[in-house]
Amino acid sequence: MKVLKFGGTSVGTPESIQNVKNITLGQEGRKLLVLSAMSGVTNELVAISNLSKTQNYEQIEDIINKLQERHFSAIDSLIQDETLSKETKSFVAKRLEDLSAAGHKEYSDAVYAEIVTYGETMLTFMVSQYFKSQGIENIWLDAKAFMEVHNLENPDTDRVGELLDAHLEGQRADLYITQGFVCINKHNEISTLKRGGSDYTATILGAAVQASEVQIWTDIDGFHNNDPRHVEGTHPISELTFEEAAELAYFGAKILHPQTVSPVINKGIPIFLKNTFTPEKTGTKISSEVHSKGLKAIAAKDDITAIKIKSNRMLMAHGFLRKIFDVFDNYETSIDMITTSEIAISLTIDDTRNLDKILEELNAYGEITVDRNQSIVCIVGESVIEDHSTYKLFELLNDIPVRMISYGGSSNNISILVDTQNKIKTLRSLNQKLFSEGLTQLV
């Protein structure tokens, strides 16, 4: 079985949904489709959840009416069969009634998750009905029946597979359609895999059903070697290893959810990144295969905060770093980069929800300096630190103030920290030095 995930822009209009149908029909074998909500719908649902906090029910109903109009219009365009059209509109209308009721509940994390996942539910049923109207038999699956994810970092894919088998109860089809993004947490409540999490749904399900491959369809022709929004002349990368893709996704490449590759690495299930609107293009294949070594791509991650702790007590002090790390561990805050000297430690975080509490505790250990609005720029490639041309990236120090450098923690990643106002200049400069002048490819 193949797992095919289509993002919001891929299902954003009746025309793009027809593209999804053509891509699906163009592939042999059994398929499981994982779909996002129509583009923009989740943003509207987040707005409803925010309005529910202030009990602004009039605006909530205005948004719901617009959502009904948009979905009904798409149904009219896609489904000509009167019976199927009526069934689909009835289903959507009932979900919108439930959405209205959820918007009147007392706000909580569970209510938020319930509200923001209605988009996937409506869209997937609508697509399932459209396929049936085109003579394409399929089974619509409610992800809440089997997407049990108690640990976002380490989902139990075997458990998901068992629940899916039980949910199907012997039903078999060549095509299944379900929702991305939504899951059930350890409290048996509706939850989410966070924004962009439909990619993650696809690989969790890919691992659960032992898929032959996972395809992620978006509006971009695969991973590019630099950010095409800021750098001219970028190009898609045809092959990446799991490790390279994971580094790029974590450090800012928007095409892929950061945790996407983790469920399929040990099972060796390849991931293909493709463009829904230009399906003939190669895209990017992510697998365990190493086709070349050396520089592959550059990515950047914004909204980084750097913290420096300076203390003479670090000098020859046993256990000092453990105490510092314990502070971040207590507040469940991950550290991205770290550098140390005899009397100082600098580190970065991207989650600042508990920053004030963290700084209050760190003050007990030394003098604290905080730099906000930083960006991590990451240079990625298989064994990139062994490339004899990597010295070129350090020429950047002549032109741009660099706050931190992380080199050697991974053989596939060199990271630098710069002020976000210098990020675009950094990306362009590195592109010139590393791609235009050319790093060697190790073999």
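1. A residue is called buried when its relative accessible area is under 20%, exposed when that area is over 50%, and partly exposed in between, with a 1.4 Å probe and protein chains only.

2. The model is predicted, so local features need pLDDT of at least 70 and side-chain atom pairs count only at pLDDT 80 or more, while totals for chains, interfaces and linings use all residues. Residues are numbered from 1 along each chain as its sequence is written, and side-chain values use heavy atoms, with hydrogens and water left out.

3. The whole structure contains eight aromatic pairs, where rings of Phe, Tyr and Trp (its six-membered ring) pair if their centres lie within 6.5 Å, and planes under 30 degrees apart count as stacked, over 60 as edge-to-face and the rest as tilted. Phe91 and Phe125 are stacked, because their ring centres are 3.9 Å apart and their planes meet at 15°. Ring pairs also join Phe91, Phe125 and Trp140 into a cluster.

4. Tyr250 and Phe251 form an edge-to-face pair, since their ring centres are 5.0 Å apart and their planes lie at 85°. Tyr250 is partly exposed, with a relative accessible area of 31%, whereas Phe251 is buried at 6%.

5. Two charged ends sit over rings, which requires NZ of Lys or CZ of Arg within 6 Å of the ring centre and within 35 degrees of the ring normal: that of Arg95 lies over Phe91, 4.3 Å from the ring centre, and that of Lys53 lies over Tyr107, 4.8 Å from the ring centre.
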